[in-house]
Amino acid sequence: MLIFVFMKRYFSSSPISHGFIYVLLLCAACALPRSSFCQSRPSGLELAYLGNNIWNPGLKISLNAELPPDSLKTAKGNRKSLQKSHRLDVGFFADPGAYRGLFVNAGWQRKAIYPNRYFISWTANPLGLFRSFLHDTYAVSPAGEISRVFLPGRLYFAPSFQAGLGRISKKDPGRSYFARLNMIILMPYNTFVMPLLQVEVGCAFPLK
Amino acid sequence: MKNSLRIWIACLAGILLSCNPESPSGEIHKTLYLRHAGADMPAYLHGNADSKTFLVVLHGAGSFGLAFRDGMFISDLEENYVVVYFDQRGQSMAQGHYNTPEDLIDLMASDVEALLKLLKHTYGEDISLFLMGHSWGGLLSGATLLRPGVQASLKGWINVSGLMDLPGASLARKDIIQTIAEEQIALDISVEAWQQIRDEAIGLNPESDDTEILKLAARSMSQLIADETVRRTVSSEKLYRALIDNNPVNWQVSWFFNQPVAYAKEVDYSLLGSLSQISLPSLFMYGKYDVSVPVTAGELAYLNLGSQERKFVRFDASIHHPHDTEPIKFSEELRLFINSYR
């Protein structure tokens, strides 16, 4: 919350905030093709129910590109493996009374896998775009002229963060089940930002 | 894998095919967005379109349009008119990109003016429009009426517990707390608690103790409910609107970052000097026990009003939300007013 207050103080209500975000996106777009991100090969697919505000239904599909794992000792002396991967998420949800949202995120995930096949994961997606789709929208100009807006909605820069837990299937080690908590931050939203809280429940499949 | 995909595709199709229901009998349930000056603001329309009478509701500070949509609003008002529940700029589900304006109230009033134009454009120039504002929405509705040409597009103004004069609010709150305390003591209700509240109120300075007066007002409201002088208004229907029908995260975060009342307070906003320019038929409704916007502040605004056709209604068992605490009387007064002028 303190970070939000700081950002509100220095970035809101000035063109700097919009410029800052577009420069960030431009830098990311330039750096991405040369990064290891685009050179990694997808190794897993995730399908999940996405609940924006829990009960606004949606769907999320993610591609995972796993990197070589690390292994660490747990407090009890067991070994847990640390799996790192690159991710690309595409999802949407419907808030039936108000709007529908479509988003795409890219970033990194770390997964700590324990010997009992349970795992915890945390993800940072610094790159993201969100498009809202609104119901019938009419624009009223300062002169009072009214026109219907085609494909009404707004595009936002939308980095996201996730934390979750899950379990790897006993029969098929490539398959797993998980539950996660997501936060997507839409910016600039009104005069500042808007966090969206989401839950997701789904399963992961290996890509052969 | 294939089965899972099929299930997800079926879910996707279901969600995408969901749409706004509109029954042929004239009953409408529709969300309409207004795009104006960088903001996209939803107006939720529910009710009887055959009546050709639209009641535009402006919510109070920290609230949201659909907060009003329960009880009597559904059973009485939506049966007879179309009720337009509007999320104001920067509030609840309103979205967009824009910088903080220099004159926020003027911009928000121009949003309401644009909404009135949009309703006439969509549903015909012959519809009857009534503007109703509660608390902060009362002030915003008053500011809207002062914009050139707006009064001509409306049939009437309903001001519910509207705060019209920010500089005088603290003194009016302090006075009403003392008055209510004296009244409760005389009636032998929670004498000790009310004596303490009264004594604390006497010691406060309206010029410098604004926050303390508000805290004392909150304590007075709790005491009034504890004494059963006024009934509690939180219902399961209201909770449903707040948590399920509306997005509570959007609502609260929007309010945290966008508080037009703070701006109004900062600039000592007052409509008292301008209310004489309002000649529209007007209905003022205030709660006798309202310590947030005292009935005396409402009476002062009413005396300054330019309208010849006007009525002031006091609700004797209400604090700040007479539509929740005395819904039958509220609905009767409102319908009588609308039916007289539509």
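Predicted model: local features only at pLDDT ≥ 70, side-chain atom pairs only at ≥ 80, totals over all residues.

Between them, chain B and chain A bury about 4,300 Å², with 44 residues of chain B in contact with 53 residues of chain A.

**Where chain B meets chain A**

- Carbon and sulfur atoms account for 60% of the area buried between chain B and chain A.
- There are 21 residue pairs in polar contact across this interface, both partners being at pLDDT 80 or more.
- On chain B's side, the elements that give two or more residues include helices α1 (2–17) and α3 (104–123), along with strands β1 (27–36) and β2 (39–48).
- Sorted by class, that side of chain B has 22 nonpolar, 18 polar and four charged residues.
- Two salt bridges are counted between chain B and chain A. One salt bridge joins A:D136 to B:K30, whose closest N and O atoms are 2.9 Å apart.
- Strand β7 of chain A (residues 137–140) pairs with β1(B) in the parallel sense, over three bridges. Within β1(B), B:R35 is the bridge partner of A:A139.

**A closer look at A:L155**

- You'll find A:L155 in strand β9 of chain A, residues 155–157.
- Leaving aside residues up to four places away in sequence, A:L155 touches A:F130, A:R131 and, over on the other chain, B:H97.
- A:L155 counts as partly exposed because its relative accessibility is 49%, and the cut-off for exposed is over 50%.
- A:L102 is 53 residues away along the chain from A:L155, yet their C-alpha atoms are separated by 9.6 Å.

**Salt bridges within the chains**

- Over all chains, the count comes to 28 salt bridges.
- B:D70 and B:K238 meet in one, at 3.2 Å from N to O. B:D70 sits in the loop between β3 and α2 of chain B and B:K238 in helix α8, so the pair ties together parts 168 residues apart in sequence. B:D70 is buried, at 8% relative accessibility.
- B:D76 and B:R335 form another, at 3.7 Å from N to O. This pair links helix α2 to helix α13 of chain B, 259 residues apart. B:D76 is partly exposed at 24%, and B:R335 is partly exposed at 26%.
- B:E182 pairs up with B:R198, their closest N and O atoms being 3.5 Å apart. Here B:E182 is partly exposed at 41%, whereas B:R198 is buried at 18%.
- In chain A, a network of salt bridges links A:E46, A:K60, A:R87, A:D89, A:R180 and A:E200.

Note on methods:
Residues numbered from 1 in each chain as written. Chains lettered and ligands numbered in written order. Heavy atoms only, no water. Contact = heavy atoms within 4.5 Å. Buried area = accessible area lost by both parts, 1.4 Å probe. Salt bridge = Lys/Arg side-chain N within 4 Å of Asp/Glu carboxyl O. Polar contact = N/O pair within 3.5 Å; in protein donor to acceptor, adjacent residues only side chain to side chain. Helix = DSSP H or I, 4+ residues; strand = E, 2+ residues; numbered from the N terminus. Nonpolar A, V, L, I, M, F, W, Y, C, P; charged D, E, K, R; others polar. Pairing = 2+ DSSP bridges. Buried < 20%, exposed > 50% of the residue type's maximum accessible area, 1.4 Å probe, protein only.
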